[in-house]
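This report describes selected geometric features of one protein model. Please consult the sequence and the coordinates alongside the text.

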Amino acid sequence: MALTVLHRVHVLKKVAVPFLFSPAILNAGEHHVCIPFIWTSPVCHQLLRGCSPSELGRRWLCITSREPLFLVSGSIRLSRDPSVAGRPTSLLHRLSSDEDRVFKDRLSSCTSSRQVLRLLRSSPHLSGAAAASVLHQLADLEQNGAGGLRDPDTLLSDVALSELCSRLEKESAELEDEAVIQALQGCTRLYLDPWSHLVVRLVSESQVRLDRGCLSIGALCSLARALFVLEGPNCAMLAQAISQLQNKDPAHWDTSQLTTVYSMLAAGLAEGGRYQDLLNEMNARALSLAPKMDPLTVSETFGALVTLSQAQALPLVIALCKQAVRHVPNFADAELAMVLSALMHYGHSDHFLVKELERHVPKTAFTTHPETVTKVMQYFGRRRIFSPPVFDAVAESFVYRADEYATGQVSRQIAALGVVGYVPQEAGRLFRKVESVLSARFSQFQPRALLELLHACTLLQRYPLNFVSKVFSPYFLQQLQEEGSGMDRVMLAQLTQLYMTVKLECPFYDGPRLLPKLRVKSFLFPGRSLETPVDPHLYNTVKTGLVDLLGARSYFASRVLTPYCYTLDVEIKLDEEGYVLPASHDEVYKRIALCIDGPKRFAANARQLLGKEAIKQRHLQILGYEVVQIPYYEFEKLKGKAETVEYLHKKIFPHSYRLSW
C-alpha cells in the first residue's frame, strides 16, 4: 500500500493536476477516502514497476482529501437518467460544414460552463470535432489559473457531460485523427484522471494513429502537449511524436505551422535545452518568413522566443521588429504588449518602431488596455527613449482613467518618466492624480512598487512627503524586507537617495529617518546602479586635456567617492584666491566636480540627461560643489590639443585667463 501511495504522489507531482472524485466525496470534510481505480494503461504498469503481479489488478488508493481540493473522478460514469440514456448523443453524425460552424459559433459565444452544458443538452447530434471543442471551451471557462477548476460541482453533476465522455470513449476508434487528439488534450485541460477509462482509451487510440505516421503538424503538436501533461518529458510516445515532427522538414513549413510548433515547445517541452536543433531550423525558417507574418504571428513568435530563451536568435528578433513596425496600427492590445515585452527582453529598439508608436499611441492612449499603455511606457523607459508626444498623451490619459490602472501599472508608468527625467506638460494634474491614487489605494501598493514610484517622483522634483514618511517607518521596512528575496542593494540605494533628497531639497521635513544601517555608501555599483559609470574612452581623452590645461596629473583626482554616496568623475580643488590645489590637499575653499557625460547618461535618441544623472548634479550643487558638465556631443567636435585645452579652460575657468605651461 505504501508503495502504491508513493507512486501515486509521484504522478500527482509530475502531472501537476488534482484528481476528480464524486460529489458526495467532495462534500465530506477532511477524512481518509479509498477510491477504486482500474489500471489498464501501459504507462500505469511502467509506473508500478516493482509491484507484485497480484498488485497490478484492481487497486485501492488511500489518500486524504481536504476542502477545497477539487478531484476529478478516475472513471467517468455514464448517466443513469433514463431520459438521457434513451437518446445518446452521436459523435459519428456527419454534420454539414454550416451546421458544424453554427454549433461552434454558439459554443464560442458561451460565457459560462452552465451555458456550454445547456447547449450540449440541446444538441442531440455532434461531430467528433465539435465534441472535442466542448471540452476545450469548458476548460477555457473553468480553469482558474492555479491548477484547478472554478466550478467543479457543475461539471461533476451534469449527466450530459458524462454521456459525452462515455460516447467519446466508445466511439474513439471511429473518430477522425484530429478529433481523437483534441479530445485527449481537452481531457488534460480539464484535469481528468490519467487512469480514467476515457483518457486511457484516447491515449491508446492516439498511439494507433501515431504509428500510422499520417498525423498533421497541428495534430502532432496537440498530442505532444497532452502527453507532456500526462507523462512528462521522458515519455516514449512523446519522443515518437517529436521525431515525426522533425521528419516533416521545418524548411517547408508555413507561418501557421511554425507558430503551432513554437507554442507547443514553449509549453514546457523544450525546457533544459531539449530540441534545440529543431528550434534552430525553425528560427532559420521564421527568419525567411518574417516579412510575410501577420500581427498575431509576429506577436506569438516573439512570445515563444522569449519563453524558449532563444538568445542566439537576434537576427530573427530584428526581422520581427521590422515587420512589427508595419503592424503597429493593426496590433491588438495584447499583441502589442507581447511585442514590446520581447523587445525589452532582448534589449532591442528600432528608430522606425519609435516613430510609429509616436504616431499611434497619442491617438489611442484613452482607449488602449492599461497594461498595453504601461508596456509602452516601460519600453520607452527601459530603452532610454525620450518621446514627449507619447509621454504627454499618456500623462493626460492617466488623469482621466487612473482608476483603471492597477497600482503596479501606476508605479511603472511614473518610473518610466523618472528614467528619462521628463516632466509632462500636464505635470500639475498628473501628480495630483498620483497623490489621490496613493491616498485612496496606499495599502494596495506592493512595497517595491511603492518605493519605485516615490523614488521616481523625486527624480522629477516632486516630493510626496506624506507618503515618504511612511516608507521610512519600521513597519514598511519590515514589509520590504519580507517581500520576495528581501532588500537588495538597489532598494537600499533607492531608500538612501530618497532620504538624501528629502533632507537636501525639503529641509522642513521632520518625519522618520532612515536608519544608518540601511544606508549604502555608494550609489555606483555593478548592475542596476543609481549612477552611470563614466565612459572610459571619453574619460581618458578628457584626462589628457586636463593634464595639458593644469600642467600635471597631480592637480585633479579621478573617480572620487564623496561622503554623500556620489562618485565624482573628476574633482578639482581651489583655494580662496582661485588657484588650483594638488588633489591630496586637505584644506579646500572650493571644489569643482566635472561630470564627464557619455552617451549612456543621456536618452538614446535625444540630448536629454537621464533622471538619475540630473538628480546627482542637483544634489552636488546643493552640497556646495561647482558642477561642470562636459557632454560627449560637445567634446567629440574638438580637433586637436589646442581646441581641447581651450574648451576645458572655458568650461572650468570661464572668468580667468589661461596660463601657458
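## The largest pocket

The residues lining the largest pocket comprise 15 nonpolar, eleven polar and ten charged ones. In this classification Ala, Val, Leu, Ile, Met, Phe, Trp, Tyr, Cys and Pro are nonpolar, Asp, Glu, Lys and Arg are charged, and the others, Gly among them, are polar. The model is predicted: local features need pLDDT of at least 70, side-chain atom pairs count only at pLDDT 80 or more, and totals for chains, interfaces and linings use all residues. Residues are numbered from 1 along each chain as its sequence is written, and side-chain values use heavy atoms, with hydrogens and water left out.

The largest pocket holds about 1,000 Å³ of space. Its lining numbers 36 residues, of which Gly-381, Arg-382, Val-419, Arg-528 and Lys-612 are the closest to the pocket centre. A pocket is here an open set of points, on a 1 Å grid over the protein atoms alone, where a 1.4 Å probe fits, with protein on both sides within 12 Å along at least five of seven lines; lining residues have an atom within 4 Å of a point. Grid points are joined across faces, edges and corners, and the volume is the space filled by probe spheres set on the points. At least two lining residues come from each of α20 (370-382), α22 (407-420) and α24 (447-459). Helix α22 makes the largest contribution, with seven residues. Helices (H or I, at least four residues) and strands (E, at least two) are DSSP runs, numbered from the N terminus.

## Strand β6 and its partners

Strand β6 (residues 590-597) pairs with strand β7 (residues 626-631) in the parallel sense, over six bridges. Pairing requires that DSSP find at least two bridges between the strands. Ile-596 has Ile-630 in β7 as its bridge partner, while Asp-597 stands opposite Pro-631 in β7.

Strand β4 (residues 567-574) also pairs with β6, in the antiparallel sense and over five bridges. Here Glu-571 stands opposite Ala-593 in β6. Six of the eight residues of β6 are buried, so that the strand is mostly covered; buried means under 20% relative accessible area, exposed over 50%, and partly exposed in between (1.4 Å probe, protein chains only).

## Salt bridges

The count of salt bridges comes to 23, each defined as a side-chain nitrogen of Lys or Arg within 4 Å of a carboxyl oxygen of Asp or Glu. Asp-597 and Arg-601 form one of them, at 2.9 Å from N to O, and both residues are buried.

Two further pairs have partly exposed members. Glu-426 and Arg-429 are joined by a salt bridge with the closest N and O atoms 2.8 Å apart; the relative accessibility is 26% for Glu-426 and 29% for Arg-429. The side chains of Arg-101 and Asp-98 meet at 3.6 Å, N to O. These two residues are about one helical turn apart because they lie three residues from each other in helix α5 (residues 97-108). Arg-101 has a relative accessible area of 46%, and Asp-98 has 48%. Elsewhere, salt bridges link Asp-177, Arg-201, Glu-205 and Arg-209 in a network.

Which value does phi take in Tyr-191? Phi of Tyr-191 is near 60 degrees, a positive value in a residue other than glycine. Tyr-191 lies in the loop between α10 (177-189) and α11 (197-212) and is buried at 11% relative accessibility. Arg-559, likewise not a glycine, has a positive phi of about 50 degrees. Arg-559 belongs to strand β3 (residues 557-561) and is partly exposed at 47% relative accessibility.

Phe-653 is located in the segment after α31 (640-652). With a relative accessibility of 13%, Phe-653 counts as buried. The C-alpha atom of Phe-653 is separated by 9.8 Å from that of Val-628, a residue 25 positions away along the chain.
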